[in-house]
Amino acid sequence: MNMLLKAGVAGLALVMASGFTAEAKTPKDTLVMAWVFDDIISLDPAEIYEFSSSEYMANTYDRLVVQDLDNPGAIKLQAAESWSASDDGKVITFKIRPGIKFASGNEMTAEDAEFSIERYVLLDKSPAFIMNQFGLKKETVKDMVRVKDASTLEVELDAPYAPSFFLNCLSFTSAVVDKKEVMSHEVNGDLGYDWLRTNYAGSGPFVLKGWKPNESLVMEANDAYWGGAPKIKRVLAKNVTESATQQLLLQKGDVDMARNLTNDQLTAIASDKNITVAATPKATLWYMGLNTTNPNLAKPEVRQAMKYLVDYDGLANTSFKSIGIKHQTFLPEGQLGADNETPFSLNVEKAKELLAKAGVPDGFNITMDTTNKTETRLLSASIQNTMAKAGINIIIKLADNKTTLTKYRASQHDIYIGQWGSDYQDPHSNAEGYLMAPLAKRNVWQLPENEKAVLAARDEKDNTKRAAMYMELQKQALETSPYIIMFQQIETAAILNNVKGFVIGPTFDLNLYANVTKE
């Protein structure tokens with residue numbers, strides 16, 4: 001960390017420790033963000049699968065292809081300069097863009113791209129399933145991903161999928177890591193996993209300079225970036241879990257941007273002429289996952305009753321007025337086949353009838369794992385109150401997001417409350433997540449009939465028929481699933497007016513800093 005950056009970090013720390021009594025200016029060449037990123041578990045692209053770490057990856061690594069922000073739903077080339085499909089559709093060939101260099105100085109070749117895809121599969125972390133669905137398994141991946149020459153990579157698929165489906169999946173799982181750098185840190189055949197969880201081996205517009213879990217994340221501009229150096233020299237993100245504190249820091253000029261303001265705070269700053277609020281609907285949903293290994297949550301009538309015990313409209317008109325829209329199906333508005341039906345509203349008497357039918361007329365006690373994030377705490381408090389009206393007494397277990405996610409992934413929860421975003425702009429992403437894995441797995445609700453229907457919808461070539469199949473899947477999920485989906489996120493960022501060029505993209509990872517400038 002250079003001296004100027006040390007001064008910036010130290011200045012921010014001093015201001016925060018002082019109780020915000022002294023006005024401070026952020027460095028002109030540094031974007032300073034107040035942001036909740038306590039969901040970061042790992043910085044290894046082969047393990048990254050959460051919101052904040054995915055945003056980090058999008059700004060620090062090149063992927064073979066990415067979503068095109070100017071044409072949502074379409075694919076844009078990044079580390080690849082071209083791609084082509086064989087006549088039978090089973091082999092996709094990529095040409096690596098010449099002149100890309102990693103932070104180490106090593107030049108990117110097809111061997112790096114091959115190694116990176118193999119790592120996703122061989123390490124078998126959360127995003128591995130995206131590649132597994134094309135037949136890329138531990139036993140096969142080294143034969144199916146092949147280097148043809150220094151700039152040419154072939155990926156063989158087990159069936160002739162629509163190329164757009166494969167490329168959409170690859171847009172999340174093709175971050176190219178520096179093979180030489182990573183393997184120089186390999187221990188006991190771990191493919192450099194232990195090292196890369198907290199270090200960096202990429203070629204993106206920003207390079208990692210420091211990460212303190214639940215505290216700070218620092219990225220510095222890659223002046224040698226093949227696509228042009230970022231306009232800002234560095235980005236300093238400070239984990240500020242209290243949205244009221246984020247507002248205070250922003251209005252005093254101690255940060256340039258507040259990423260997690262609630263509706264109340266957004267309303268409060270609406271008349272502040274020094275601040276602009278950027279907002280974009282995201283393919284991200286707020287939901288509760290109900291673990292069906294809990295005997296009460298295993299009963300469909302109980303799950304249905306709980307869907308009548310959320311004050312959707314009250315929350316939509318208050319806490320979530322500026323940051324979410326009421327939504328109850330697993331496909332976000334705007335995706336093929338999305339069903340915007342909202343059949344559930346707060347109905348305590350209906351819920352009591354269903355609980356009686358399930359054999360628990362007096363309700364029960366249960367736990368909910370809740371993060372420190374302000375929106376999550378507001379949701380959990382409201383739900384705790386309305387569930388109690390039917391005798392369901394929720395004991396809230398508050399922890400940082402890293403802790404709750406780890407517990408959720410191990411299916412050690414009763415109720416988990418959080419967000420889920422589409423990995424790519426195709427309905428299969430959420431259909432698979434909610435009905436097959438990983439969410440269905442975490443909530444122990446993997447049904448063979450669901451898997452069969454999801455795969456049939458994925459492979460349907462007629463888009464009209466395909467949309468109808470997703471509509472049917474959503475209607476069934478509304479009735480029986482262990483998910484209480486409540487809101488589609490509107491992501492906001494409150495930004496000082498001297499800061500320009502911050503991009504909020506349509507998917508959870510594509511919030512980009514490379515074009516940020518400060519006047």
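K125 lies over the face of Y193, 4.4 Å from the ring centre; a charge counts as over a ring if NZ of Lys or CZ of Arg is within 6 Å of the ring centre and within 35 degrees of the ring normal. The model is predicted, so local features need pLDDT of at least 70 and side-chain atom pairs count only at pLDDT 80 or more, while totals for chains, interfaces and linings use all residues. Residues are numbered from 1 along each chain as its sequence is written, and side-chain values use heavy atoms, with hydrogens and water left out.

**Aromatic rings**

- The whole structure holds 25 aromatic pairs, a pair being rings of Phe, Tyr or Trp (its six-membered ring) with centres within 6.5 Å; planes under 30 degrees apart are stacked, over 60 edge-to-face and the rest tilted.
- W35 and F37 form a tilted pair, because their planes stand at 50°, with the ring centres 5.4 Å apart.
- Both W35 and F37 are buried (under 20% relative accessible area with a 1.4 Å probe, protein chains only; exposed is over 50%, partly exposed in between).
- The ring of W35 also has the charged end of R259 over it, 4.7 Å from its centre.
- W420 and Y434 make an edge-to-face pair, 6.5 Å centre to centre with 75° between the planes.
- This pair links distant parts of the chain, 14 residues apart: W420 is in strand β16 (residues 415–421) and Y434 in helix α16. Helices (H or I, at least four residues) and strands (E, at least two) are DSSP runs numbered from the N terminus.
- W420 counts as buried because its relative accessibility is 6%, and Y434 is buried at 0%.

**The largest pocket**

- The largest pocket has a volume of about 760 Å³.
- Its lining has 26 residues, and the closest to the pocket centre are S126, F129, A437, P438 and K441.
- Elements giving two or more residues to the lining are α4 (128–132), α15 (401–409), α16 (427–435), α17 (439–442) and α18 (448–459).
- Helix α18 supplies the largest share of this lining, 4 residues.

**N296**

- N296 lies in the loop between β12 (275–290) and α11 (300–307).
- N296 is buried, because its relative accessible area is 18%.
- Apart from neighbours within four places in sequence, N296 is in contact (heavy atoms within 4.5 Å) with V302, V360 and F364.

Notes. On a 1 Å grid over the protein atoms alone, a cavity is a set of points where a 1.4 Å probe fits but cannot get out, and a pocket is an open set with protein on both sides within 12 Å along at least five of seven lines; lining residues have an atom within 4 Å of a point. Grid points are joined across faces, edges and corners, and a volume is the space filled by probe spheres set on the points.
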